[in-house]
Structures are given as C-alpha cells and as structure tokens.
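Dear colleague,

Please find below the structure that I am handing over to you. My notes on it follow directly after it.

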Amino acid sequence: MRIRQIITSQKGLSGTDVITAVCLACNLTREQVFCRMDSEIDEERLRVVRGYLDERLAGKPLAYITGVREFFSESFSVNEAVLIPRPETEVLVEVALDLIGDRKGLTVLDVGCGSGAIGIIVAKHTDSRVFSVDISEAALAVAHTNAVSLGVHEKMRFVCGDLLGAFGDGTRFDMIVANPPYVAADEWDDLMVDVREYEPRGALDGGEGGLDIYRRLVGQVPGHLVRGGHVLLEIGSFRQACDVGAMLEAAGFRVGVRKDYSGRERVLAGHG
Ligand SMILES: C[S@@+](CC[C@H](N)C(=O)[O-])C[C@H]1O[C@@H](n2cnc3c(N)ncnc32)[C@H](O)[C@@H]1O
C-alpha cells in the first residue's frame with residue numbers, strides 16, 4: 001500500500017495522527033513522509049501503522065503512542081505514568097523565568113514534577129538548583145530520564161514524597177512551583193476519554209472543587225519559602241483563581257494572576 005493511500009483511507013483520525021503513525025512505524029521524518037507519498041509500505045510496517053492507528057482510535061493519546069511530547073521547544077519522553085505536559089503550563093514556566101531573571105544560585109522546588117517538564121526547563125534556562133518532587137516513583141523515573149537527556153541532571157535532585165513532607169523544617173526554597181492535580185471531582189466524567197482513560201488519575205484528580213492539593217500545599221509553603229520568595233501555582237479556572245488566590249492571601253502572600261494564550265486564568269503568583 002502507498003503512504004498516500006494510508007493517509008486518505010483513514011477515517012476518524014486527523015492527518016497529524018496518521019502521518020505521525022507512519023513516521024514512527026517507518027522511522028521517517030514528516031518531511032520524508034511528504035516527499036515519499038507514492039512509496040509502497042511493506043506488509044510488516046503496514047501492520048505496525050495499523051496497530052498505532054487502532055490504539056489512537058481507541059482514544060490513546062498520540063504522545064503515549066510516540067513516547068514523546070514537545071514542551072518549551074524541548075523533547076520530553078512520556079509514558080502512562082506521567083501527565084502529558086500541556087502547552088498552557090509553559091505560561092507558568094515563563095513567569096518563573098521572568099522572576100528568576102539572571103539571578104544566580106537560587107533554589108527552586110517543582111512539586112508534582114510528573115515528566116519533569118517545569119523544573120527541567122527552569123534548570124536549563126537559569127543558574128538555579130532545582131529540586132523536583134513527586135509522590136509517584138514511576139513519574140520520577142521518567143523525570144530523571146528527561147533531565148539526563150536534556151543535560152541538566154547535575155543541577156537537579158529528584159525526591160519521592162507527599163508534597164513538601166520530605167523536606168525538614170529548616171529547608172527553604174527561593175521559589176516553589178506546582179502544577180498540581182486540579183480536576184474537580186464532579187467534572188471527572190466530563191473529561192475527554194483520552195485524558196480520563198489514559199492519563200494517571202493521581203495526576204489529575206483534585207478532589208472537591210479540585211482544591212484538595214492546593215489546600216495542603218498552601219498550608220505547607222510558608223514554612224519552606226525564604227522571605228521575599230515566590231510561589232507559582234497553575235490553576236484550571238476562574239473559580240480556582242479566586243479560591244486558591246484567597247488561600248494564598250490568607251497565608252500572607254501578595255497575589256497576581258497570569259492568563260494563558262486562550263485568555264483563561266492560568267497561573268497564580270504569590271509573593272512573600
Ligand atoms: C498535573 S500533574 C503535573 C505534572 C507536571 N508538573 C506537568 O506540569 O506536566 C500533577 C503531578 O503531581 C503528582 N502528585 C499528586 N499528588 C501528589 C502529592 N501528594 N505529592 C507529590 N506529588 C503529587 C502526580 O503524581 C503528578 O505527577
């Protein structure tokens with residue numbers, strides 16, 4: 001079968017999905033696929049392409065099929081132990097990088113690091129030392145692999161723990177960042193199948209109102225932040241911006257909000 005026929009005959013999937021499956025099965029770049037539209041694919045490779053397409057049709061996210069996702073122009077390995085990094089999380093990274101600027105030797109803590117995306121980009125673009133914590137050992141293994149492949153593992157420490165529980169009373173950071181699980185319990189059934197069935201529930205489910213982790217985290221942050229430090233939290237809605245903003249203010253922070261590129265409240269910045 002020719003590549004062109006595979007692409008045009010596939011119903012129910014986007015061109016991106018099909019082209020990516022062909023790239024992966026045939027070890028070709030997108031450009032090579034476009035140049036070889038009339039090349040024949042042998043039976044064995046066709047079977048592999050069809051396997052990928054069947055997985056995609058069942059709802060498996062493309063990133064879990066390819067095993068990679070781009071974030072902040074870098075390639076991150078992902079598997080089903082980690083949330084697929086989202087483009088809107090880049091806004092949190094931008095705020096962090098702006099606040100750090102060219103200051104040297106700061107310590108930054110990424111709570112709930114998943115694939116490591118946030119902390120790794122901060123480590124790559126600043127002189128900071130980054131601590132990344134997650135409750136999932138499997139997620140930490142992915143984050144560590146990414147740190148090695150992006151050449152920043154020597155500036156990072158990976159810690160398994162429940163929020164800030166692994167850090168002693170005297171441990172303080174210049175900045176604490178987190179994209180915690182924030183899907184509200186009553187919105188769980190409305191999630192797309194790709195997300196609900198494939199991404200780890202522990203990375204998404206934020207309990208009642210999506211606020212369970214924020215409540216605990218905001219309670220712990222003041223004891224682990226230097227005076228004048230910053231806490232940056234991704235949030236998922238205007239409602240959460242109000243609720244979590246109020247928690248931060250009650251904990252003594254001055255709070256600012258940053259919207260994402262679709263105009264939704266996305267990052268709360270608490271300044272101590
Ligand atoms: C929404 S994901 C964010 C992953 C990554 N930071 C990103 O932005 O792509 C939340 C992460 O928090 C972790 N997590 C959930 N509960 C936690 C807890 N109590 N302590 C530490 N990490 C937790 C999950 O395992 C998951 O990796």
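The domain assignment of the protein chain, with bounds taken from an automatic or database assignment, gives domain 1 (3-58) and domain 2 (81-271). Taken over C-alpha atoms, the centres of domain 1 and domain 2 are separated by 36 Å.

Two remarks on conventions are needed. This is a predicted model, in which local features need pLDDT of at least 70 and side-chain atom pairs count only at pLDDT 80 or more, while totals for chains, interfaces and linings use all residues. Residues are numbered from 1 along each chain as its sequence is written.

Ligand shell

There are 23 residues around the ligand, and G112, G114, I135, N179 and A203 come nearest; a residue counts as near if its C-beta atom, placed from the backbone, lies within 6 Å of the molecule. The shell divides into 14 nonpolar, seven polar and two charged residues, where Ala, Val, Leu, Ile, Met, Phe, Trp, Tyr, Cys and Pro are nonpolar, Asp, Glu, Lys and Arg charged, and the others, Gly among them, polar. At least two residues of the shell come from each of α7 (117-125) and β4 (127-134). Helices (H or I, at least four residues) and strands (E, at least two) are DSSP runs, numbered from the N terminus.

Helices α6 and α7

The axes of α6 (residues 89-100) and α7 come within 10 Å and cross at roughly 35°. Axes are lines fitted to C-alpha atoms, for helices over the stretch in contact, with angles from 0 to 180 degrees between N-to-C directions. In this contact, T89, L92, V93, A96 and L97 of α6 meet A117, I118, I121, V122 and H125 of α7, contact being C-beta atoms, placed from the backbone, within 7 Å. By class, the contact has eight nonpolar, two polar and no charged residues.

The loop between β1 and β2

F72 lies in the loop between β1 (68-71) and β2 (74-77), and S73 is also placed in the loop between β1 and β2. Phi is positive in both non-glycine residues, near 50° for F72 and near 65° for S73. F72 is partly exposed, because 19 other C-beta atoms lie within 10 Å, whereas S73 is exposed, with 7. The classes are buried at 20 or more other C-beta atoms within 10 Å, exposed at 12 or fewer, and partly exposed in between, with C-beta atoms placed from the backbone.

Yours sincerely

Key:
Contact = placed C-beta atoms within 7 Å.
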